[in-house]
Amino acid sequence: MVELRQLRYFVAVAEELSFTAAAGKLRIAQQSLSQQIATLERRLGARLFDRDTRGTRLTDVGRVFLPEARAVLARADQAVATVGRAARGEVGRVRLAFLASAANTLLPPIVRALRERFGDWELTTDAVSIAELVSGLRADRYDVGFGRPPCVDDLATRVIATEPVCAVLPADHALAGRETVRLAELRDEPWVLTPRDSWLPWHLRYDEEYAAAGFSPRVVAEGSSVQNLLALVAAGVGVTRLAASSRSLRGSGVVFVPLEGEVAETVATWRRSAPVVDHVVSVVADLAATTDLTRD
């Protein structure tokens, strides 16, 4: 087998056309250099240099071999550099999950920022439910997810955006023209909500908020997605509450009225620390400091 060291020695001699100068450049003994070149020639079965009183010259075979040796060394150097970048999280595959209801607003600026910073990354993105996001992080299907708290104790989170929570009302509702509304004012309304088993931590927090407003909502229908909830509200079945950014998903027939004192958080969440995860979170945090990620 030809060794990379021997190729480097050959290229050095070919460039200097002097074993003495090449040995000095490589910082090895000239005798050792001569021995390695001789070993290389034996392994190749061809003479690479002519040496006589006039100096050192490449043979015809040596001239053919020189660009090939340089190409091999360049590829080896590139491979080492790529591995180093991968170890630092600067190259490789990044798997992102976005809460489906927030993907329209979050995905474009986040993916754009990551591609500008790390163009060599292979990015994959999925729009998922909160349950799929959490299970995907736990099963290592995703590196970083973007959703809403609360999640679970074994996942780390970082807030990247906040926005108002709105009452979503039929367009002809008596409160539709208000600038704001209090949650307590909706105590007698029929409600449409996601099923409790879609993500229990959310519903437990909602229970506390409804109780603080002095009521428990009368749920008349359930919707499995934000789009389903909006359609039910537009049909006049009931009212619901959603983050203001969900306006980007609405059709006709509904009105978003901010709920006084209610704020929704958007978080980056991940299961394990790794260079690629740290880079994603850092880039998104920098982006969030200068950009409203909740605006369409």
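Predicted model: local features only at pLDDT ≥ 70, side-chain atom pairs only at ≥ 80, totals over all residues.

Contact, on this tour, means heavy atoms within 4.5 Å. With that in hand, select Val226, which sits in helix 8 (residues 226–234). Val226 counts as buried, because its relative accessibility is 12%, and the cut-off for buried is under 20%.

The mean pLDDT of the chain is 92, with 98% of its residues at 70 or more. Among the elements, look for the lowest mean, 86, in helix 4 (residues 60–87), and the highest, 98, in strand 7 (residues 190–193).

Next stop: Thr59, in the loop between strand 2 (55–58) and helix 4. Is Thr59 buried or exposed? Its relative accessibility is 9%, so Thr59 counts as buried. Leaving aside neighbours within four places in sequence, its contacts are Arg47, Leu48, Phe49 and Asp50.

Now for the largest nonpolar core, which has 26 residues. Select Leu96, Ile110, Phe146 and Val280, the members that touch the most others. Which elements supply at least two residues each? They are strand 3 (93–99), helix 5 (103–117), strand 5 (144–147), strand 6 (156–170), strand 10 (254–270) and helix 9 (275–290). Helix 9 gives the largest share, seven residues.

Zoom in on Phe146. Beyond its neighbours within four places in sequence, Phe146 is in contact with a list of residues including Leu96, Phe98, Leu106, Ile110, Leu133, Ile160, Val267 and Val280. Elsewhere there is a second, separate core of 20 residues, with Leu7, Phe19, Ala22 and Leu40 among them.

Two packed helices are described by the angle between their axes and the distance between the axes. Here the axes come within 10 Å and cross at roughly 115°, and the crossing is right-handed. To see who meets whom, select Pro109, Ile110, Ala113, Leu114 and Arg117 on helix 5, then Val280, Val283, Val284 and Leu287 on helix 9. Colour that contact by class and you get eight nonpolar residues, no polar ones and one charged.

Methods
Residues numbered from 1 in each chain as written. Heavy atoms only, no water. Core = buried A, V, L, I, M, F, W, Y, C linked by side-chain atoms within 4.5 Å. Buried < 20%, exposed > 50% of the residue type's maximum accessible area, 1.4 Å probe, protein only. Helix = DSSP H or I, 4+ residues; strand = E, 2+ residues; numbered from the N terminus. pLDDT = per-residue confidence, 0-100. Axes fitted to C-alpha atoms, helices over the stretch in contact; angles between N-to-C directions. Left-handed = near helix turned anticlockwise from the far one by under 90°. Nonpolar A, V, L, I, M, F, W, Y, C, P; charged D, E, K, R; others polar.
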